[in-house]
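Biologist: I would like to learn how to read a helix and a charged side chain in a model like this one. Could you take me through it step by step?

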Amino acid sequence: MLSELEFENFNQEKLDFLIDTRSPKEFSHSHLQGALNFYALNDDEHKKIGTLYKQNQALAKAKGASYICANMAYHIPIITQKFRIGSKVGIYCARGGLRSKSIAVILSELGYRVVRLRGGFKSYRAFVLNFFNQVLKLKLFSLCGNTGSGKSELLESLPHAIHLEKMANHLGSSFGNILGKQPTQKAFESLLFDELNRIRDFIFIESESRKIGEIILPLKLYESMQHAFKIYCFCSLENRIKRIEKFYKNKMTPLKFKECVQKISPYISVNFKQDLLQNYEKQEWKKLIEMLLKYYDKTYKQPEKIDFKLDTNDISKAKEELLAFLKAKHKINF
């Protein structure tokens, strides 16, 4: 069985698995969440066929078909071992063309129930961009507060939470680029869309600037965050230092630290910069972190309107207090 659907309906299908038939390079750049990459053409083949297609379309199709047959000879044993014949599979390529159609026909003939995405990844991206251009129909509870106040730890423990920094693989500050490579903008938006699309009523989110490293938040989401219910998190300086030391100490290399200090150099004195570098060299973490916290506290702009203040010295107690308050005052059941 083989059918074709627009993304809105395709997204509602209860699929057993989802196949992205594009090349590995295209897939790694961005893809639908949960998709598996069973490519019709590998990176080299995709490039060759693209070049040949401009010269001779018929020859390109014939050559492409031979590549697809060879690749499917490799993929089919893996697919049939992982997923039983008769399973429902979603399939897409870049624009809903020959790559997804070829694999869809083969799997359909094998007995799989195949649903192909009309317009392919391009139509999915158009849907996602339109989604982010709409006003968010969710109530937002935004965690704000100074660096090290436990916002991320609290967020991880809450239901209906969206952790933007985790999605962006960046901690948000000048010292936040310690987790490795960030996802592409499209990959981030795909993950964010998937999270927002599955939540129907409210979300907990951390207050962020619009840019997290190289990732830019969708404007409508950012605007909604500015008008969210603001939960101001606060705790002792001692606990803030402990939290930051625990997270950063084993991740911050000498080279990375120097790079991060260089980013804030235009905003600090030469003496302050030297003190930071010397404290790092001596591994005087508590002193180093306290210096940086004083710097960041001066730059932090507290929201004009705070709806609830929360002591986050103990994250477990903070969670209980917050949920009890929201249940009593906002009639939210968790």
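**Helix α15 and its surroundings**

Biologist: What do the buried residues of α15 pack against?

Modeller: They pack against β6 (139–144), α7 (151–157), β8 (202–206), β11 (229–234), α11 and β12 (308–311). Contact here means heavy atoms within 4.5 Å. Helices (H or I, at least four residues) and strands (E, at least two) are DSSP runs, numbered from the N terminus. This is a predicted model, where local features need pLDDT of at least 70 and side-chain atom pairs 80 or more, while totals for chains, interfaces and linings use all residues. Residues are numbered from 1 along each chain as its sequence is written, and side-chain values use heavy atoms, without hydrogens or water.

Biologist: Which residues of α15 are buried, and where do they lie around the axis?

Modeller: Buried means under 20% relative accessible area, exposed over 50%, and partly exposed in between (1.4 Å probe, protein chains only). In α15 the buried ones are I315, A318, L322, L323 and L326. Viewed down the axis, they fall within an arc of 120°, so they line one face of the helix; the arc is taken from the directions from the axis to the C-beta atoms. On the other side, S316, K317 and E320 are exposed.

Biologist: How far does α15 reach, and what caps its N-terminal end?

Modeller: The expected span is 1.5 Å times one less than the number of residues. With 16 residues (315–330), α15 reaches 21 Å from first C-alpha to last, close to the 22 Å expected. The cap is D314, with a side-chain oxygen 3.0 Å from the backbone nitrogen of S316. Just after the helix, K331 takes a positive phi of about 55°.

Biologist: Now the charged side chain. Where is R243, and is it buried or exposed?

Modeller: R243 lies in helix α11 (residues 237–248). R243 is buried but has no salt bridge, a term for a Lys or Arg side-chain nitrogen within 4 Å of an Asp or Glu carboxyl oxygen. The nearest side chain of opposite charge, E153, is 4.1 Å away.

Biologist: Which backbone oxygens does the R243 side chain reach?

Modeller: One is the backbone oxygen of S149, at 3.3 Å. Another belongs to N313, 3.4 Å from a polar atom of the R243 side chain. Beyond its neighbours within four places in sequence, R243 also touches other residues, including D314 and I315.

Key
Lys and Arg count as positive and Asp and Glu as negative; His and the chain ends are not counted. A polar contact is a pair of N or O atoms within 3.5 Å; within protein, one must be able to donate a hydrogen and the other to accept it, and residues adjacent in sequence count only if both atoms are side-chain atoms.
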